[in-house]
Amino acid sequence: MSKMCLNKVALVFIFFMLTSFSWAEKKFNLYIGTNYIADPTIARFEKLCNCKLYQNYFNDNGELLAKIAAGASGYDVMVPTSYAVTDLIAMHKILPLDKSKLPNLQYVDKKFLSEPYDQGNKYSVPYAYNPVFLAYNVDKMKELGINPNTWAVVFDPKYLVKLKGRITMFNSSRNVFAVALLYLGKDPNSTNIADLKAAQNLINRASPYWAKFDSDSYYRGLLRGDIWVSQSYSIDIFKAMSDARNSHAKITIGAQLQKEGNMYELDNLVIPASTHNVNDAYAFINNALLPQSEYELSNLTGSSVPSQIAIKRLDNSIASLDWIYPHDMSKLQTFIAYPPKIRILTNEMWTEIQMQCREICSTCSYAQDN
Amino acid sequence: MQANKSSKLLILGGIFTFLFLYVPLILVILYSFNDSRIGISWVGFTLKWYKVLFADSQLMSAAVNSLIIAFVASFFSVILGTFAGVALHKYKVPLLSSLIMIPVAAPELLVGVALLLFFLLINFTLGYVSIVLAHIAFCTSFVTLAVKSRMVGIDNSIFDAARDLGANSFKSFYLVLIPSILPGIIAGGLMAFTLSIDDFVITFFTAGVGSTTLPLSIYSMIKMGVTPEVNAISTIIILFTLVITSLASKISPQLFK
Amino acid sequence: MIKLTEKRALSWPPLLYLILMFMVPMGLMLIIAFMEPGDYGGVKPLISHINGKLHLDLNLDSFILVFSSEFVWQLMVRSIIYSLVTTIICLILSYPLSLMIARSAKKYRDILLLLVIIPFWSCFLIRVYAWMIILGPDSGVTHIINSIISVLGFPPVNLLYSTFAVIICLVYVNLPFMILPLYANLEKHEMDLLDAGRDLGATRFQLFWKVTVPLSLPGVLVGSALVFIPCIGMFVVPELVGSNCSLMIGNLIKQQFLQGMNWPLGTVTSIVMTVSVLSISLIVGFIAKNSNGFKYASK
């Protein structure tokens, strides 16, 4: 009896192991931010390559770099931001691109090509960009008499006392440092240690008023009404606004660029050196650069796309939004990679900012920085 | 024991703790049938989140990944764990008995980080295999403990009897010992299976591209704030656990003592 | 001779596997702790050529950085306090339940025990998530609590994303680890002892305090260790339900590996965590072993 039972158990195991190994299909792994590719674009690509596209999500380029540096392989195309491209090139983790396989590159606006992070676009082609700005609860701002057209809203105690526990900032060292530097009137890509220390001090004094470092679900806090001001990406706010409309929420979310200037994350398509699907990777990129794809991306997710043909087809309700397609691009800057030493230093600073619980400093003088 | 004030107090305390254990889980199950996307106020009964769930191909493939990993991991950990359990019952192997306690006694984070560094330094690609190898390690510990607890009730004289009847070491192991501790082995295997399916921390550090498991998907869904689907998948997992746990306790009641 | 080979045949496969998967990785961690972080993640090579000479790159930089950083100590102390508080709350919640199960009729014991184990076997993310619903800003519990405290004249509080939420979740996910060993101990108590005490005129409270509690100390100790140790390394709970001021040492370790790309720093922090846990467990174990109650109970 027992022996029979044992055999049965063994049989069940063998059955499951066999079925598990026969479960296979052609897969294509994309490493991308959430909600950053339109469904019709995916469908077109899946037909093209006769495979199934799997999206693997990241929220911060630091996370992407840490994973790739640690030897993660298996992705077929990745979508890193400008500065991360430079680091990936230095790490020899991405392949140089054969432009002859990317005819649709011709549709990309020249002003987004050959950026300093990858001269001549040897390794990367621009996919889309996202301005980073403050989104806010319109009624609360009116009530408090705050105009969120300045980064002072998240740094100056004059505003902070009214907004204590209602602000979220990104969980991303580059983004938080950049806006602190912009507020201080410095170069947001500064590698000057004194500048960075000044930014760190500013952040340390403001952070006790902030509710959370969050780049994943901050817009849900805005929607619920417990968060009033958030450092935000255009795509998230685009989604939050449409969610608010669909669910007839009482809350109105506003979005605005800041007068000190804003960063924009220019995201790129790159092919990891470890892929076995180089041809599919080219097919993916070429498909993504198609004006139709760029149009779908901008229309459905609210991303800003580097393609005039696509923008012309867009509804004016999207194309005219200043926080998606800024009227004055000269006030927006993109990120430049740090040298390794500075990156290790800022990472250490960031760790301390994130991990240290600070009390509100009532005796600190803020005047010196302003 | 007759009912009086102090034993009533005891029962009250016990019931309070049971409520504390169960009310949150029951709430999750209830909300999985709630027809509302954002709020948590009750809107109406719906099964749509389950439909959304089964239509989500990424989530389904994560579930399949979890099942495959759990099957393979529990299969090998049952073999290793049975060996270790028998060895520890019959002989003194101090190193083995302390290694067995690592997953029980050390912070999971430490094991996860150590395994991550190990795989990276030996240039081992993170993916299904690294997850399975890690899961086999911690599951082995729990199977060992289950087998050992079953061994306590075994009369050693049956092995002598088997040897007297001419069985060699291997035969007495396979024909006498294994059948008599089979309930312990199966219960240990079921335990390994659930532990592997539910593991988050160690999987989090040893997973690679395309080897996302169910807990990893749930984690990112929670972080993104996708609530209704999380309720639905949680309900399925809770019911699944209920079945497996009851099964294991039926087969080997000693497991829990 | 036969015995020896059987011992080897049985113990070597699991032994070798566990050495490979537990001891070797932890040994590697010890080495990495003394290495320098690489420019792009990972670590710098152990041996480098400088002016044609071989140079061994091992240093204490990461240890110095960890020991001199105020925030690391803040996190460590906070983690220990949270874990202690969690252990105590778990003990208070478990004792009546474990005693109730141990004293109930035999036929009910198995089913009651099963009811404790089911939550323990279900995915712990779900258990944390359940509390995110309960403590969320628009849940009934939050509304009730906030309306009570607004009557008392206090501003509304956020239950989620607070230390309170972290502790509740830590207690919730670790509770079965306390109940089970405690039950295992209480179940073995000889009822004769209680009867004898009663015959000698002891009150119920005296019986509980002078007989049951001292006898259960070994169970309390095992349960406390099983709650305290995993608690210290938790990072998911503070990440999902905590605020910036309720992060624990585990969050720092995770951050170093997955965002900060500083392996040596993460490794040193892990070592500091492990050493703290071990020394606290050893000290508590030592004190308990030398206390009279424990000596009596282990006889």
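Let's start with a crossing: helix 3 of chain B and helix 4 of chain B cross in a left-handed sense. Keep in mind that this is a predicted model.

How are two packed helices described? By the angle between their axes and the distance between those axes. For helix 3 and helix 4 of chain B, the angle is about 130° and the axes are 10 Å apart. Angles over 145 degrees would count as roughly antiparallel, and 65 to 115 as roughly perpendicular. This pair is therefore oblique.

Which residues meet there? Helix 3 of chain B brings B:Ala84, B:Ala87 and B:Leu88. Helix 4 of chain B brings B:Leu96, B:Ser97 and B:Ile100. By class, that contact has five nonpolar residues, one polar and no charged.

Next, the interface. On chain B, 65 residues are in contact with 67 residues of chain C. Several helices of chain B each supply at least two residues to that side, including helix 3 (57-90), helix 4 (94-105) and helix 8 (169-198). Which helix gives the most? Helix 1 of chain B, with 14 residues. The side of chain B that touches chain C has 49 nonpolar, 13 polar and three charged residues.

Last, over to chain C and helix 12, residues 263-290. That helix has 28 residues. At 1.5 Å a residue, helix 12 should span 40 Å, and its end C-alpha atoms are 40 Å apart, so the two agree. Where is helix 12 of chain C buried? Among its buried residues are C:Trp263, C:Pro264, C:Leu265, C:Met273 and C:Val277.

Note on methods: Residues numbered from 1 in each chain as written. Chains lettered and ligands numbered in written order. Predicted model: local features only at pLDDT ≥ 70, side-chain atom pairs only at ≥ 80, totals over all residues. Helix = DSSP H or I, 4+ residues; strand = E, 2+ residues; numbered from the N terminus. Expected span 1.5 Å × (residues − 1). Buried ≥ 20, exposed ≤ 12 C-beta atoms within 10 Å, placed from the backbone. Contact = placed C-beta atoms within 7 Å. Nonpolar A, V, L, I, M, F, W, Y, C, P; charged D, E, K, R; others polar. Axes fitted to C-alpha atoms, helices over the stretch in contact; angles between N-to-C directions. Parallel < 35°, antiparallel > 145°, perpendicular 65-115°, else oblique. Left-handed = near helix turned anticlockwise from the far one by under 90°.
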